[in-house]
Amino acid sequence: MIAGGHSLLPMMKLRLANPELVVDINDLEHLAYIREQDSEIRIGALTRHYQLLESEPLARHFPIFADAERVIADPVVRNRGTIGGSLAQADAAEDLSAVCSALKASVVIAGGGGERVVSMEDFHVGPYTTAIDDAELLVEIRIPVRPGAGSAHAKVERRAGDWAIVAVAGGLWLDGETIADAGLALSAVGLTTVHATRAEELLRGKRPSEELFAEAGAIASEDCSPSPDGRGPVDYKRHLAGELTKRALRRAAERARAGTTPGGHTWR
Ligand SMILES: Cc1cc2nc3c(=O)[nH]c(=O)nc-3n(C[C@H](O)[C@H](O)[C@H](O)COP(=O)(O)OP(=O)(O)OC[C@H]3O[C@@H](n4cnc5c(N)ncnc54)[C@H](O)[C@@H]3O)c2cc1C
């Protein structure tokens with residue numbers, strides 16, 4: 001299956017993917033949309049990166065998307081690459097999987113037997129492997145809209161447009177001055193997107209503070225498993241994981257405090 005082709009074609013050139021048949025799904029134009037429905041933001045799988053970057057509902061509810069999209073590749077990639085392809089590729093360094101995990105999104109997978117809804121935690125099965133079966137298509141991403149939301153993405157890369165050395169996606173839902181819920185996911189520090197569930201647990205029920213965010217960062221850094229490579233040694237990546245967790249949570253809290261109306265909508 002080919003959507004934007006910005007992951008599949010490089011994989012084919014490197015002989016890491018060798019499909020006998022490639023089905024072009026770009027004619028499924030009805031799968032390119034971003035809409036608010038049933039207290040959710042629903043995003044069609046063929047929505048392109050640039051559409052996520054420019055979306056008003058996403059900027060209003062989940063500014064984390066614009067944070068991430070500004071630093072995903074370059075306009076050439078963003079004009080064609082899709083959210084469905086990004087999630088289905090399941091590259092551990094990919095940014096949108098972490099964003100969707102932090103926002104507690106679920107995905108809709110369609111096949112001959114109908115549709116099923118899968119949480120992001122169950123979607124990532126392993127490196128480059130997801131819950132999508134051979135005869136299935138990822139059709140939609142659903143993100144619940146809840147009151148008191150703030151979200152942010154923080155990334156360090158070697159140069160503009162490069163994949164992350166480490167990136168962190170954070171979501172907070174405040175009830176007054178208390179963190180009612182938290183979502184935290186990291187890119188490029190494990191075999192798949194790392195769901196920082198222990199750090200999320202620490203954050204729930206507490207008041208946002210620099211000390212709390214530093215503690216969450218320390219836990220997230222402990223719980224990830226980066227590999228040494230040309231992008232840096234393990235200690236450096238663990239340090240980044242801790243520091244970027246702190247920054248993403250701090251920004252998410254600022255946004256939740258600044259942007260939440262009694263109706264529960266985030267305005268920036
Ligand atoms: C130079 C460069 C830099 C990049 N930098 C970054 C970066 O910094 N951060 C980042 O996150 N990404 C980055 N990317 C990846 C980019 O975001 C891709 O667009 C994305 O990973 C794949 O989306 P696509 O639509 O191109 O998927 P494709 O390449 O078309 O497909 C990828 C895989 O998903 C499958 N697939 C596609 N759509 C579906 C569907 N609806 N249902 C089921 N399976 C499907 C395909 O069969 C294939 O196996 C970069 C890419 C390039 C070329």
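This is a predicted model: local features need pLDDT of at least 70, side-chain atom pairs count only at pLDDT 80 or more; totals for chains, interfaces and linings use all residues.
Residues are numbered from 1 along each chain as its sequence is written.

I then looked up the overall form. The C-alpha trace spans about 55 × 45 × 35 Å along its principal axes. I find that 46% of the 268 residues count as buried, that is, with 20 or more other C-beta atoms, placed from the backbone, within 10 Å of their own.

I turned next to the ligand. Of the 27 residues around the ligand, I list Gly 4, Gly 81, Gly 84, Gly 85 and Ala 88 as coming nearest; a residue is near if its C-beta atom, placed from the backbone, lies within 6 Å. Helix 6 gives the largest share of this shell, five residues. Helix 1 (8-13), helix 6 (83-89), helix 7 (95-102) and strand 7 (137-144) each supply at least two.

Helix 10 (residues 210-223) and helix 11 (residues 234-259) pack at about 140°, their axes 8 Å apart; the axes are lines fitted to C-alpha atoms over the stretch in contact, and angles run from 0 to 180 degrees between N-to-C directions. Among the residues making the contact (C-beta atoms within 7 Å) I noted Phe 213 and Gly 217 of helix 10 and Ala 241 and Leu 249 of helix 11.

Terms used:
Helices (H or I, at least four residues) and strands (E, at least two) are DSSP runs, numbered from the N terminus. A residue is buried if 20 or more other C-beta atoms lie within 10 Å of its own, exposed if 12 or fewer, and partly exposed in between; C-beta atoms are placed from the backbone. Two residues are in contact if their C-beta atoms, placed from the backbone, lie within 7 Å.
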